[in-house]
Structure formats: C-alpha cells, structure tokens
Amino acid sequence: MVTTTENNKRIARNTLLLYFRMLFLMIISLYTSRIVLNALGVEDFGIYNVAGGVVAMFSILSGSLSAAISRFITYELGKNNVLKLKTIFSSAITIQIGLGIVIAFFAETIGIWFLNTQMNIPIERMTAANWVLQFSIITFIINLISVPYNAVIIAHEKMSAFAYISIFEAIGKLLIAYLITISPIDKLIFYAILMCGVAIAIRLLYGYYCKRHFDECRFHFIWNKQIFQQIFSFAGWNFIGASSAVLRDHGGNIIINLFCGPTVNAARGIAFQVNNAIQGFVSNFMTALNPQITKSYAAKNYTYMMTLIFQGARLSFYMLLLLSLPIIINTHYLLTLWLNTVPEHTVLFVRLVLIFAMSESISGPLITAMLATGNIRNYQIIVGGLQMLNLPTSYILLSLGAIPETVLIVAVLISQCCLMARLYMLKKMIKLKIKDYLKKVYFNIITVSIIAIILPICMQERLAENFINFLLSSLICMLCTYLSIYYIGCSYEERKFIYNKFLILKSKIRHK
C-alpha cells in the first residue's frame with residue numbers, strides 16, 4: 001500500500017520536474033511574445049487574441065465535459081479499476097469527437113457571423129481575422145481530442161512527459177516567432193497557420209506517448225450508455241461553472257473589443273501572457289497535487305485529503321505572491337524593458353490580472369475536492385451562478401463609461417464572493433471546517449501579504465526607474481515575502497521541516 005510519505009515525495013518530485021519545465025517555457029514564452037508583438041504590431045496582436053477568443057467561447061460546451069473526463073479517469077485509477085478505466089477512456093474519445101463536430105458547426109456559422117458583423121475590427125484586416133478564426137477552430141478541436149490523453153498522463157502522475165514534450169513545444173513557438181518576421185505572406189495569417197501546426201504536432205506526440213506507456217489508451221469505438229450517462233450527468237451540472245469561467249475570461253475580452261477596440265485587446269493579451277508565465281508555476285504544483293486529492297477521496301482517506309487542501313491552498317498563494325510582488329511593484333519598468341511597444345492600459349491590466357490569479361489560487365484545492373465527490377449540482381448552481389455575474393456586470397459598467405480595467409476589478413471582487421460560497425458548500429459536502437480554513441488559510445495569507453508589501457511599496461516611491469534599482473527592489477520584495485511566509489505563514493512544524501531540509505542541503509554542499 002502506498003504511504004502518505006511516498007505520496008508527498010511523489011508530489012514534491014513531480015512539482016520540481018514541472019517547475020523546471022515551466023521555467024524553460026516562461027523564458028521562451030516571454031521572449032517569443034516580444035518578437036511576435038513587434039512582428040505583428042499592436043493591432044494585429046489584438047486581432048489574433050480576440051478572433052481566437054471567439055472560438056474559445058465555444059469551450060462553454062467542452063469545458064464541463066473535459067473536467068468530467070479528467071475526474072472519472074483519475075477516480076477509477078484511484079480505485080485501481082483497470083477494466084472500467086479502459087472503457088471510460090474510449091468513451092471519452094468518442095464523446096470528444098462528437099463534441100468537436102458540434103462545435104465546428106457552431107463556430108462556422110454563429111462564430112463567423114459574430115466576427116464579421118459584431119466585432120470591432122478594421123475592415124482591411126477582416127480577411128486576416130477570418131483566417132485566424134478558421135485555424136483557431138482546427139486548433140481548438142485538436143486540443144479537445146487531446147483531453148483524455150492528457151488526463152491519463154496526469155492521473156498516472158507521469159509529469160516527465162509534459163516536461164520533455166514542452167521542450168519541443170517551446171522550440172516550435174520560438175521557431176514560429178522567427179519565421180513570421182521573414183514571412184512572405186500576411187504575418188497574422190502565417191502566425192495562425194504555424195500555431196495550428198504546432199498544436200497538431202503536440203497532439204501526435206502525446207498520443208504516441210500514451211499508447212506506448214498506458215494500456216488503457218487504446219481507442220475502440222464504444223457506446224456505453226451507462227458511462228455516457230454518468231459523464232454527461234456530471235458534466236451537465238459542471239457546465240454552469242465551466243461556462244461561467246469562459247464567459248468571464250473570453251467574454252470579457254470580447255466586450256472589451258466592443259467598447260474599446262483591438263489595441264486594448266492587445267494590452268489585455270500581454271497581461272494574460274505575463275499571468276500565464278507566472279501562474280504556470282502554481283498550475284504545475286496543482287497538476288501534481290490534484291490527483292492525490294481525488295485519489296485520497298476515492299480511497300476514503302479524508303484526513304489526508306483535508307491536509308492537502310489546506311496546505312495546497314496556502315502554498316499556491318505563497319508561490320504566486322513570491323513571484324508576482326516584484327512584477328506588481330516594477331510593472332512599468334519591466335514592460336518597457338521587455339517590449340519595444342507597450343500598449344496603453346497594459347500596466348494596470350498586468351497588476352490586476354496577477355491580483356486576480358492570487359485571489360483564485362486558494363480555490364484550486366477546494367474545486368478539486370468538490371469535483372472528487374461527484375455530487376456537484378448545488379455547488380455549481382450557487383458558485384457558477386455567482387461567476388455568471390461577471391459578464392453582465394462588466395458590460396453594464398463599460399457601457400456607462402468605466403475604464404477597460406473594470407472587467408478585471410469586477411472579476412477580483414466576484415472571485416472573493418465565490419470563495420466564501422465554496423467554503424459554505426464544502427462544509428456540507430466534505431465536512432470542511434470553515435473556521436479552521438479561515439484561520440489557517442485565509443487570514444494567514446492576508447497577514448503575510450500585508451507585511452510582505454509594506455517595505456517594497458515605501459522603497460519604490462523613492463527609487464528612480466533603472467536596472468540597478470529594479471534588481472534592488474526585486475530582491476527586497478522576495479526577501480520580505482520569504483521572511484513573512486516563513487515566520488508568519490508557516491506553522492512551527494513547517495518551519496522546523498524547512499530548517500531541517502536546509503541543514504541537509506548545507507551538509508551536502510560542504511561534503512562536495
């Protein structure tokens with residue numbers, strides 16, 4: 001039987017492996033973003049983001065099913081039910097193929113109509129925008145069919161596959177950045193074609209890896225009515241939460257385009273690229289942690305599951321705070337250093353999107369625990385219903401003349417309301433003790449954040465923008481955050497554990 005210590009070691013090993021992957025991807029991503037922005041120009045960069053966002057809106061249909069597939073695969077692996085696992089995998093592929101056909105139909109009808117009649121795109125770039133839409137549809141469907149394969153890799157906790165394939169993906173995107181600078185055809189169209197090509201190559205690599213390493217990854221057309229009902233029943237209620245997140249993110253991008261135009265979409269797109277680079281570190285941690293939460297619930301090890309939820313929430317926030325605070329303090333200088341052209345509104349967009357990411361980070365383990373139960377109807381009605389308020393609230397405020405950044409301000413406020421609703425619902429679902437969570441997680445991270453940010457803000461007001469001061473400011477930010485986490489955020493047992501690990505590392509260095 002696998003022990004708790006072995007599970008913790010596996011989580012740590014997988015997280016470390018995914019961190020190296022993410023560090024490599026972040027460097028490549030930030031560099032290629034600069035090249036792509038300069039090659040396409042601010043307007044075309046914004047058009048790519050908003051045209052792709054039209055297709056992404058159709059993930060309203062796919063998001064809930066993807067979450068259901070991941071949950072059922074991980075749950076059955078936790079119960080060691082190999083036969084049912086094979087049936088679920090083939091059923092999942094069948095479902096995703098059918099869904100891909102449905103989404104392609106709607107994207108080719110409603111999507112094209114919306115892009116050409118409702119979007120705020122210059123008439124001379126409309127042809128290019130339509131090409132982007134077509135290749136975005138292909139890319140979206142390819143990624144849709146990849147979901148069951150990726151779910152199997154995560155369920156088996158074989159994170160090395162992500163690390164190695166990501167190297168190929170990053171090199172491919174770096175090559176794309178170079179190729180569009182010398183493109184003999186329209187750069188925006190060429191960029192969309194090449195991004196689609198990379199998606200196809202990655203899909204083939206994941207499929208090849210899964211077929212070689214996992215017995216259940218052999219697709220046979222299956223029409224298992226019982227499994228279909230289970231997956232669609234789960235996905236039906238999860239649809240509320242999945243669609244509300246899509247409407248918040250991609251719907252927000254579209255209404256920004258309607259009121260503000262593609263240049264503001266470019267600013268938002270840059271902000272989310274920064275966010276993706278930073279949040280990827282936390283996503284890697286949660287990717288390693290999530291299977292253990294689901295498997296612990298399946299094995300009825302509720303005490304260990306609760307420990308993972310509490311520690312996972314705090315650690316997710318701490319990692320984001322440690323990485324985000326230097327960026328929030330030095331946003332303007334960093335953007336100037338990174339990009340030759342910094343679109344208007346980008347600075348505030350970057351700061352708000354990182355605050356939103358920190359607000360959402362502590363909810364990740366709670367969402368995983370909720371999905372593990374399979375009993376999600378009431379949860380999705382309440383929490384998903386709250387999230388649905390993002391789009392209409394933002395639309396009303398923008399129509400009244402609010403600044404574009406209002407979309408993210410609304411998202412942060414509603415995120416906090418959703419967190420409180422999650423705690424209330426999980427109190428009944430998994431007997432979560434709200435008082436303990438508020439004390440050990442919520443008020444803990446608020447205190448850590450306030451203490452960590454005081455000195456960096458005071459210093460920043462007195463420092464001119466240059467590289468030396470940026471390094472000094474970043475060092476102070478990270479030092480204040482680390483000390484605040486260590487002495488206030490960690491319990492005595494956790495500080496003792498960290499100190500002992502430090503002594504072991506110090507001893508190894510000395511012996512070398």
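Trainee: Which residues do ring pairs link into a cluster?

Mentor: Good place to start, and keep in mind that this is a predicted model. Rings pair if their centres lie within 6.5 Å. Ring pairs of this kind build a cluster from Tyr333, Phe467 and Phe470.

Trainee: How many aromatic pairs does the count come to?

Mentor: The rule is the one with centres within 6.5 Å. By this rule, the number of aromatic pairs is 12.

Trainee: What kind of aromatic pair do Phe259 and Tyr395 form?

Mentor: Let's look at the geometry: their centres are 5.2 Å apart, and the planes make an angle of 65°. Planes over 60 degrees apart count as edge-to-face. The pair of Phe259 and Tyr395 is therefore edge-to-face.

Trainee: How many residues apart are Phe259 and Tyr395?

Mentor: Phe259 sits in helix H8 (residues 225–260), while Tyr395 belongs to helix H15 (residues 390–399). The pair thus links distant parts of the chain, with a separation of 136 residues.

Trainee: Which helices each supply at least two residues of the nonpolar patch?

Mentor: This surface patch has about 950 Å² of accessible area together, and its members include Phe443, Ile446, Leu479 and Tyr482. Leu479 is found in helix H18 and is partly exposed, at 47% relative accessible area. The helices you want are H17 (434–460) and H18 (467–489).

How values were computed:
Residues are numbered from 1 along each chain as its sequence is written. This is a predicted model: local features need pLDDT of at least 70, side-chain atom pairs count only at pLDDT 80 or more; totals for chains, interfaces and linings use all residues. Side-chain values use heavy atoms; hydrogens and water are left out. Rings of Phe, Tyr and Trp (its six-membered ring) pair if their centres lie within 6.5 Å; planes under 30 degrees apart count as stacked, over 60 as edge-to-face and the rest as tilted. Helices (H or I, at least four residues) and strands (E, at least two) are DSSP runs, numbered from the N terminus. Patches are made of residues with over 30% relative accessible area and no salt bridge: like charges are joined within 9 Å, nonpolar side chains (Val, Leu, Ile, Met, Phe, Trp, Tyr) within 5 Å. Accessible areas come from the Shrake-Rupley method with a 1.4 Å probe; for residues, only the protein chains shown count as cover. A salt bridge is a side-chain nitrogen of Lys or Arg within 4 Å of a carboxyl oxygen of Asp or Glu. Buried means under 20% relative accessible area, exposed over 50%, partly exposed in between (1.4 Å probe, protein chains only).
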